[in-house]
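Hi everyone, thanks for coming. Today I'd like to walk you through one structure and look at what sits inside it. Have the picture open while I talk.

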Amino acid sequence: MVLEVGKQKQQGRLILLNMRRSAAPSQLQGNPFKKPKFISPARSHPSPNEEVAKLNSEIKLFEAAANKSNFLQPQNDPRICDFNLPTEECAKGINHGYNHREKYCLEASTKATLDLHHTVHSAPKEITVSKGQEEKPDSLVKYFSVVWCKASKKKHKKWEGDAVLIVRGKSFTLKDLEGKDIGKGTGYKLKELEKIEEGQTMMIGGKEIEVMGIISPDDFNSGRCFQFGGGCSAVLSSSQAAKKCFSNPFKSVCKLSSKENKQNSFQNCKPRHDPHAPNSLVMLRPDKNHQWLFNKTCFPVVDVVIDPHLVYYLRPHQKEGIIFLYECVMGMRVNGRCGAILADEMGLGKTLQCISLIWTLQCQGPYGGKPIIKKTLIVTPGSLVNNWRKEFQKWLGIERIKIFTVDQDHKVEEFTKSPFYSVLIISYEMLLRSLDQIKTVKFDLLICDEGHRLKNSTIKTTTALISLSCEKRIILTGTPVQNDLQEFFTLIDFVNPGILGSLSAYRKIYEEPIIISRQPSASEEERKLGEQRAAELTCLTGLFILRRTQEVINKYLPPKIENVVFCRPGALQIELYRKLLNSQAVRFCLQGLLENTSHLICIGALKKLCNHPCLLFGSIKEKESNSTWDESEERNLYEGLMNVFPADYNPIMFTEEESGKLQVLSKLLAVIRELRPAEKVVLVSNYTRTLDILQEVCKRHGYAYTRLDGQTPISQRQKIVDGFNSKYSSDFIFLLSSKAGGVGLNLIGGSHLILYDIDWNPATDIQAMSRVWRDGQKHPVHIYRLLTTGTIEEKIYQRQISKQGLSGAVVDLSKTSDHIQFSVEELKNLFTLHESSHCVTHDLLDCECTGENHTGDSLEKFPVSRSCQLGPHHQKSDSLKPLSMSQLKQWKHFPGDHLNLTDPFLERIRENVSFFFQNITNKTIAI
Ligand SMILES: Nc1ncnc2c1ncn2[C@@H]1O[C@H](COP(=O)(O)OP(=O)(O)OP(=O)(O)O)[C@@H](O)[C@H]1O
Ligand SMILES: [Mg+2]
């Protein structure tokens, strides 16, 4: 059966092979439209005998081409669209794409036959420049795929490359397949440009071209007519790039060494688990094309069935995710491409999906049941290395799979020397240190957890990982990947190298038109072009990117009660705040007189003050004792500030009353302890010094606590997390530095989470909040975000939720306030203290209520949209994203002195609170 398919294909390609022979080298990567027709301008067609003689040697080339030309597989699986595509529009786009690509291939082969009869080219005719003033509406634009070379009188000319000819009225533009202009002209005779047709050879703008085909406006606008948008070519070019470092990805890891082995394998060709059992999860069978390419030894095709032991626990979205990952790494979604990005929102169980995949591929495969992978490399942030180990044990026990985690006591060498282990789990930092040893192992699958860190292609980690010769690559990330087109390219190019062409081509074909189309000054034409390019890019990459939002697991989770609590500042805080705002440093900032970073120092001081005046006191003392104090910028800021503190002020003896937020926190902890003695609290700050203060509060009140921050050794981290999550733990509080260790942690032992301070980047806060409201959480989750009323904290919050704050930068954890540019106007707003307002944020909401008990609908009814460079239509709504102002308005809100506070926790803190916002998710379940 398989052989038959191969034979048919061979016959079908006889003609094509000869076309290829005469092609310029660039054509091997060229445009699929005309690739098969590519004939040197001065070359006649070879005789049929020549053809046959060359056949054998060229079969191989044909195989490669056949392999690649099926870039997208329409026959593959109708589920593709269901799983992948972010929007309906995109789904339409994909089907459309399929048709096109099928059409391309068909057209290409038909044309090839025609070209065989196309013998010697007549001398090209020069298109003449018009002298008259004929006019033509701009809307009549035609596109052609062409091959070109410099004009010359030589007999044996060689085409130099493919290009796209755009004819608009009397002008033309010639673009190479990287989107660069290589020729331009205007004032040509309209009649001559109008007459251009397929097969025509001509001189235009000093270049000789041959028209290979007509490109539809749709194909041009989508960018498909360019090198990598065309599908077949994309795979070809990149596979050539990939060849450099990749070995055959589909070669089974279990080579048959003898006849005996082979016989045995045939006899054992049964699925490992019963595919017909109820609830069985069976992977897609490879299609004929896949079989022909990767089942050379003709093993029987066997069902790959996920271990029922795992399936029992899997959520529906996880089953879909496993199917998706399987098809991606098997090269069933994009032929010859084995990369995937699983970008599910935080807490959706990306780890379990990967573990299921690894376990499946390590034991099974579609061809004779032979395993697909032997060794897997998992690279993850240091704090999650042991979390991965735990998850493996949780889902597979300790017997099924042998994993090795690298730490101080367990070096990579141990893994490399032992045949015992199949999975290596290592931190990004350790990977860099042990790269040479890691390279000695042949890994069949590479998983990069929290892989958005690879978005920068120049950082060492990315280059190190790129250098590993493993083709099956998976990036896991909870952060959306489409917000920055440059970073998007790097991530895509990492998992599927070369699929979007070179970076410069990508910029020309996709990035530039998309960005131009989003500018307010964009013309209608630019807007349309940008939209279509974005749609095409999304469709192409949507085949191997999967993102699901939190909603898919909401029904398995307990209710979440989110509160934004506006805490009245203490008297000392207000006095110090005023003084800081009156300082010379702030005044200079507002006049634009100081250096670039001065405003950051002012902002830092105000933020410290909001957390607790003793932090500011500590900073001033520290600076004063420094020998450079006299020249330091801070002097202008701190001048006279010490006089505001009581003469005998001792920061170690700080009081709770000195900070509005600390007072609220202290009362909140007390009421949680009293009303829910069995529940625990995660207390988050971005600053170690603030955590010190919070730790001191725990001590003073006798609360048992544990702490994880940047200083915590990686080897300790999982132990701390496990200890806290254990029901036997006596810890009441988990002190967490969100930036240092928030990513990926499971802190389901806690059901109350308090964000003590606010970060410019909402992603940091969202990361922290997602630690407790996730699978496995048993209690309703209470989130409290504390903000000091009228201060810079409110402004940062507003920035987070306003449009400005929603620009691409904010969803990226690596972006800090250092990256944020402020206008003088913005600085003026930042450096204002609103002493008389209960809640400046509410004042800005344009809400009809006077702040009295507005009980808006639940947020769930209001889908949130995040700005994304690929446009609003190219991304599903994400639930774990910053709110917008209008959504906040829908939250229940009321002043602190409101009479009917139904929430017993809020009731206890109201004395120090000027305003509340509250929203409940999953309200249906009784709290
Ligand atoms: N099907 C399931 N049933 C019960 N618990 C599950 C299931 N799937 C995952 N979990 C648990 O949910 C928690 C979150 O899973 P995981 O850490 O894999 O999330 P994630 O998608 O990696 O999130 P993040 O982006 O925050 O890292 C883990 O404790 C995991 O064991
Ligand atoms: Mg994770």
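Let me begin with a term: a nonpolar core is a set of buried Ala, Val, Leu, Ile, Met, Phe, Trp, Tyr and Cys residues joined through side-chain atoms within 4.5 Å. Please also keep in mind that this is a predicted model.

So, which residues touch the most other members of the largest nonpolar core? They are Leu 377, Trp 388, Phe 392 and Leu 465, in a core of 120 residues. The element that gives the most to this core is helix 12, residues 350-363, with eight residues. Now find Leu 377 on your screen. Leaving aside residues up to four places away in sequence, Leu 377 touches Leu 424, Ile 426, Leu 431, Ile 438, Phe 443, Leu 445, Leu 446, Ile 447 and Leu 468. Apart from this core lies another one, of 80 residues, and among them are Cys 602, Leu 609, Phe 654 and Ile 909.

Let's turn to the aromatic rings. How many aromatic pairs does the structure hold? There are 21. Take Phe 415 and Phe 443: their ring centres are 5.8 Å apart and their planes are at 10°, and planes under 30 degrees apart count as stacked, so this pair is stacked. Phe 415 belongs to helix 14 (residues 412-417), while Phe 443 is in the loop between helix 16 (435-439) and strand 12 (445-448), so the pair ties together parts 28 residues apart in sequence. Phe 415 counts as buried at 1% relative accessibility, and Phe 443 does too, at 5%.

For another geometry, look at Phe 724 and Phe 734. Here the centres are 5.1 Å apart with the planes at 65°, so the pair is edge-to-face. Phe 724 lies in helix 29 (residues 714-725) and Phe 734 in strand 18 (residues 733-737), so this pair links parts 10 residues apart in sequence. Both Phe 724 and Phe 734 are buried.

Going back to Phe 415 and Phe 443, these two form one aromatic cluster with Phe 404, Phe 420 and Tyr 421.

Arg 473 lies over the face of Phe 494, 4.8 Å from the ring centre. Phe 654, which we met in the core of 80 residues, has the charged end of Arg 700 over its ring, 4.1 Å from the centre.

Notes: Residues numbered from 1 in each chain as written. Chains lettered and ligands numbered in written order. Predicted model: local features only at pLDDT ≥ 70, side-chain atom pairs only at ≥ 80, totals over all residues. Heavy atoms only, no water. Buried < 20%, exposed > 50% of the residue type's maximum accessible area, 1.4 Å probe, protein only. Helix = DSSP H or I, 4+ residues; strand = E, 2+ residues; numbered from the N terminus. Contact = heavy atoms within 4.5 Å. Phe/Tyr/Trp six-rings, centres within 6.5 Å; stacked < 30°, edge-to-face > 60°. Lys NZ or Arg CZ within 6 Å of the ring centre and 35° of its normal.
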